[in-house]
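Me: I am new to this structure and would like a close look at a single part of it, followed by its wider setting. Please keep the account plain.

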Amino acid sequence: MIRVDRIELFRKQLRTRMPFRYGIATMVDVPHVFLRLHLETPSGRSLGISADHLPPKWFTKDPERDPLEEIDEMLEVLRHAIGLAAGRKAASPFAFWMELYREQAAWAPTRGIPPLLAHFGVTLVERALVDAWCRGQGIPFPRAVRENRLGIELGRIHNPLTERSPGEFLPDHPPETVHARHTVGLSDPLRESDIPDGERLSDGLPQSLEASIRAYGLTHFKIKVQGDPDRDIPRLREIARILDRSASPDYRASLDGNESFRTGASFAGFWTDLRKDPALGGLLSRMLFIEQPLHRAIALEEPIREAARPDGTPCPIIIDESDAALDSLPKALELGYAGTSHKNCKGVFKGIANRCLIRFHVLQGRTNLMMSGEDLSNIGPVALLQDLAVQATLGIDSIERNGHHYFAGLAAFPDTLQADMIRHHGDLYRREPGQPARLALSAGRVHTRSVLNAPFGCAFRPDLESFAEPI
């Protein structure tokens, strides 16, 4: 039996080094929260930490809402999940999460809170719980999952997986390096000449797409569109020219629809226009998948029409923001989607179950299915590492990473923390004289060995009081 004794919440305000435009929002300032959980187990007490941004507009995509009101709502969701979790007992971490999930799901409609947002609060508790449990047991997260030491009951999430265990579907040896799929935001400069003189940065990090390719050796890209062909297609042509000239010949890309299309027909017409454009043939032939083209309000209402690359091979279409509840993936698969994404803000246990369900169907012969790795602009010292640990454990080796691009490494955190990061995660971070610790991204890849060997991503316990305010 385990018991959560108490939970503490901390907040640190962050500022991006350059604006990040995703869909209807542009991130410049964002709160970053840390949750610290005190866990009692039969073998003793332990602490766990989780962290994430509170990004306005991602969880709701409501253009009418005040961003400050949305942040307050996110904090309300977090505090409610914390209130449900504090003092709770359960037989296992999974059982704890499942009951917390169900109670939060029952509460959310009474406040008009959609599932994606409601369970963001649950997963911050979930991640800290997993961290505390793995630390207390002295085992790393991948082993805890493969050996089912967390008590995961897959059948309670997806019925076809009843009496099956994660170890049957997940890799025995998670990848120790992964592709960092670079986000090309809607307002990102593509060439150095696109940067106005007054907006040129001097922090030693690349700013334009072409500079990022040179600096990091990028080979995987996530390209955002906004559903406006007059703007999207010329920009895609320019991106294709840059990638064809500057990236390796075997580069790969994904297309993020950002929920920009309100009907299946409008997206199908957009994709047809792309296929007809000779300047986009090379880019589309290297397209890995298309992510969430339809708005969440209609995405799971009717079958999705299959997209095809220029050579006629199908290009998978997956959901992301529509993956808001435990039954979202099965619904999507029935409608013809090829799968979903994983990011920790949607849930760790849910992501594990979704990955196992996809693998189950693949082993049954439905080989066109996939799971992508996406991002919530994750940064260290906690959120990025925990997300990488889960993604690699799931066997995903192309993962959207953009926190290192929109934030200046760990510059916002104390030198002592940065030194701890280099000491414990020198494969993932590096630090040059006079510079903050930064993600060690080379040949388009990041290393995961140290996060896989840690209890849950982060090998050390950050001193939250030294840089964040309790709330």
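In which strand is arginine 430 found?

Reply: Arginine 430 is found in strand S15, residues 429-430. Helices (H or I, at least four residues) and strands (E, at least two) are DSSP runs, numbered from the N terminus. This is a predicted model, in which local features need pLDDT of at least 70 and side-chain atom pairs count only at pLDDT 80 or more, while totals for chains, interfaces and linings use all residues. Residues are numbered from 1 along each chain as its sequence is written, and side-chain values use heavy atoms, with hydrogens and water left out.

Arginine 430 has a relative accessible area of 36%, so it is partly exposed. That term covers the range between buried, under 20% relative accessible area, and exposed, over 50% (1.4 Å probe, protein chains only). Not counting residues up to four places away in sequence, arginine 430 touches Ile422, Pro436, Ala437, Arg438, Leu439, Ala440 and Leu441. A contact here means heavy atoms within 4.5 Å. Glutamine 418 is 12 residues from arginine 430 along the chain, and their C-alpha atoms are separated by 9.4 Å.

Strand S1 (residues 2-22) and strand S2 (residues 25-41) run antiparallel and are joined by 15 bridges. Two strands are said to pair if DSSP finds at least two bridges between them. Arginine 6 has histidine 38 in S2 as its bridge partner. S2 is largely enclosed by the rest of the structure, because 13 of its 17 residues are buried.

S2 also runs antiparallel to S3, with 10 bridges joining them, and a hairpin of two residues leads from S2 to S3. Along this pairing, valine 33 stands opposite aspartate 52, and leucine 37 has glycine 48 as its bridge partner. Strand S3 (residues 44-53) has seven of its 10 residues buried, so the rest of the structure largely encloses it.

Another pairing involves S5 and S14, which run parallel and are joined by four bridges. Arginine 181 stands opposite glutamate 400 in S14. In a regular strand the side chains alternate between the two faces of the sheet. In strand S14 (residues 398-401), Ser398 and Glu400 point one way, Ile399 and Arg401 point the other way, and all are buried.

Among the helices, H6 (residues 229-246) has 18 residues and reaches 25 Å from its first C-alpha to its last, close to the expected 26 Å at 1.5 Å a residue. The expected span is 1.5 Å times one less than the number of residues in the helix. Buried residues of H6 include Asp232, Ile233, Arg235 and Leu236. Strand S5 (177-184), helix H5 (209-216) and helix H7 (264-276) are among the elements that cover the buried residues of H6.

In helix H11 (residues 383-393), 11 of its 11 residues are buried. Just after H11, glycine 395 takes a positive phi of about 85°.

The largest nonpolar core has 157 residues, and Phe34, Leu37, Val125, Leu243, Trp271, Leu283 and Ile352 touch the most other members. Helix H3 (residues 115-137) supplies the largest share of this core, 13 residues. Such a core is a set of buried Ala, Val, Leu, Ile, Met, Phe, Trp, Tyr and Cys residues joined through side-chain atoms within 4.5 Å. Leaving aside neighbours within four places in sequence, the contacts of valine 125 include Ile7, Leu35, Leu37 and Phe96.

The whole structure holds 14 of them. Tryptophan 97 and tyrosine 101 form a tilted pair, 5.4 Å centre to centre with 55° between the planes. Rings of Phe, Tyr and Trp (its six-membered ring) pair if their centres lie within 6.5 Å; planes under 30 degrees apart count as stacked, over 60 as edge-to-face and the rest as tilted. Tryptophan 97 and tyrosine 101 lie four residues apart in helix H2 (residues 93-107), about one turn of the helix, and both are buried. Phenylalanine 141 and phenylalanine 456 have ring centres 4.7 Å apart and planes at 40°, so this pair is also tilted. The pair links distant parts of the chain, with phenylalanine 141 in helix H4 (residues 141-146) and phenylalanine 456, 315 residues apart from it, in the loop between helix H14 (449-453) and strand S18 (469-470). Phenylalanine 141 and phenylalanine 456 are buried.
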